[in-house]
Amino acid sequence: MTVAYQLEEAGTRLSKTTIERRPLGPRDVRLDLKYCGICHSDLVAAGDKLGGGMYPMVPGHEMVGVVSDIGAQVEGVSVGEVVGVGCIADSCRSCHSCESGDEHYCETGFTLSFNSKDRDGRVNYGGYASDYVVDYDYLVSIPEGADLARMAPLLCGGITVYTPLKRFNVGPGTTLCILGMGGLGHLAIQFANAMGARVLVASRSAAKRADAKRLGAELALDPESEELQAWMGRCDLILDTISNPHDLNQWFPLLRRGGKLCLVGVPTDQLQVFPALIVFGDRSLEGSLIGGIADTREMIQFAHAHDLGAEIELVQPDEIEGAWHRLHEGDVQYRFVIDLESLSRDSGGAS
Ligand code: ZN
Ligand code: ZN
């Protein structure tokens with residue numbers, strides 16, 4: 001029996017219920033879930049802000065758990081191992097994107113870990129639940145000794161920032177400016193710092209600017225401040241993590257010739273760009289969506305090796321709605337994670 005927190009319709013409240021997972025297939029692994037991060041896109045899906053919502057819906061795509069059962073053809077994973085599942089639960093495995101490790105750009109459409117149909121047409125329920133079933137190709141191994149609650153948000157938030165840092169060769173000699181200091185921004189600072197880059201952060205909040213420096217930023221600036229002038233033309237990459245409407249044109253001048261501004265936040269409104277800021281500076285506007293499975297595995301190992309992870313507020317399952325409300329208001333330091341232990345007990349699970 002799977003105990004889960006479910007929405008009946010878009011915008012309704014979450015209610016505790018039981019759901020049925022698909023039967024364990026030969027390539028499937030069942031996880032007893034321990035933690036699930038709360039991501040901003042859970043709120044977007046729950047409110048059906050982008051359309052196409054599948055209800056009833058169990059949100060959650062930053063799952064960490066312990067393998068409790070495996071199918072006959074599963075290799076390299078055993079019962080008792082700690083593993084994670086992020087946004088991607090399946091893909092075609094044969095298109096150009098899948099073959100190059102970019103399952104998140106699968107050309108036939110990938111299966112999300114919730115609010116999505118699997119290859120047999122069944123709706124996937126997410127990780128606000130006592131367990132999860134997934135094909136073992138989409139598992140991410142969690143290193144021994146890792147703080148599991150701090151790892152959970154890396155499975156979406158962490159890979160979302162890691163992928164563009166890797167793609168744009170962020171490392172020693174790179175100057176990176178991070179816009180926004182929330183769930184994504186606070187992770188980007190830690191990864192970029194561990195990669196050896198020079199890290200600037202722009203945030204309106206004085207408290208967050210102090211945290212940015214604590215997490216490894218060399219400089220944390222108020223976007224309105226004069227100090228910004230000193231950085232014009234000096235940044236190689238701007239990582240824009242802001243998910244609200246905002247002015248991009250203010251930022252392009254910070255880039256050196258050939259520099260890139262990469263969006264990882266996804267505002268649902270239009271953003272305006274003044275073309276001369278791109279053309280005259282040989283600059284470009286880029287976008288990056290989560291990341292592939294191999295990169296997700298690499299990112300988790302990197303995080304563990306550098307002892308970095310999300311700064312979290314742990315909540316109980318009956319506190320999710322309150323956490324959503326606070327997340328909507330931008331009031332979280334810096335990621336909510338649900339402790340799923342009590343659901344596991346309710347389901348009669350091993351722990
Ligand atoms: Zn997410
Ligand atoms: Zn594919």
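Let me begin with Glu224, which sits in the loop between strand 14 (219–221) and strand 15; helices (H or I, at least four residues) and strands (E, at least two) are DSSP runs, numbered from the N terminus. Please note that this is a predicted model, in which local features need pLDDT of at least 70 and side-chain atom pairs count only at pLDDT 80 or more, while totals for chains, interfaces and linings use all residues. Residues are numbered from 1 along each chain as its sequence is written, and chains are lettered from A and ligands numbered from 1 in the order in which they are written.

Glu224 counts as exposed because it has 10 C-beta neighbours inside 10 Å. On this scale a residue is buried if 20 or more other C-beta atoms lie within 10 Å of its own, exposed if 12 or fewer, and partly exposed in between, with C-beta atoms placed from the backbone. The C-alpha atom of Glu224 is separated by 7.9 Å from that of Arg204, 20 residues apart along the chain.

I turn now to the domains. The domain assignment of the protein chain gives domain 1 (2–156 + 291–346) and domain 2 (158–287); such bounds come from an automatic or database domain assignment. Taken over C-alpha atoms, the centres of domain 1 and domain 2 are separated by 27 Å. Their contact takes 20 residues from domain 1 and 15 residues from domain 2, where two residues are in contact if their C-beta atoms, placed from the backbone, lie within 7 Å. On the domain 1 side, helix 8 supplies the largest share, four residues. The residues of that side divide into ten nonpolar, six polar and four charged. Here Ala, Val, Leu, Ile, Met, Phe, Trp, Tyr, Cys and Pro count as nonpolar, Asp, Glu, Lys and Arg as charged, and the others, Gly among them, as polar.

Helix 8 leads us to helix 4. Helix 4 (residues 157–167) and helix 8 (residues 293–305) pack at an angle of about 95°, with their axes 10 Å apart. Axes are lines fitted to C-alpha atoms, for helices over the stretch in contact, and angles run from 0 to 180 degrees between N-to-C directions. Helix 4 is therefore roughly perpendicular to helix 8, a term that covers 65 to 115 degrees. Gly158, Ile159, Tyr162, Thr163 and Lys166 of helix 4 meet Asp295, Thr296, Met299 and Ala303 of helix 8.

Next, the core. Of the 101 residues in the largest nonpolar core, Leu176, Val201, Ile238 and Leu239 touch the most other members. Domain 1 and domain 2 both give residues to this core, so it lies between them. A nonpolar core is a set of buried Ala, Val, Leu, Ile, Met, Phe, Trp, Tyr and Cys residues joined through C-beta atoms within 7 Å.

Finally, two backbone details. The peptide bond from Tyr55 to Pro56 is cis, with omega near -5°. Another cis peptide bond joins Gln333 and Tyr334, where omega is about -15°.

Key: Angles under 35 degrees count as roughly parallel, over 145 as roughly antiparallel, 65 to 115 as roughly perpendicular and the rest as oblique.
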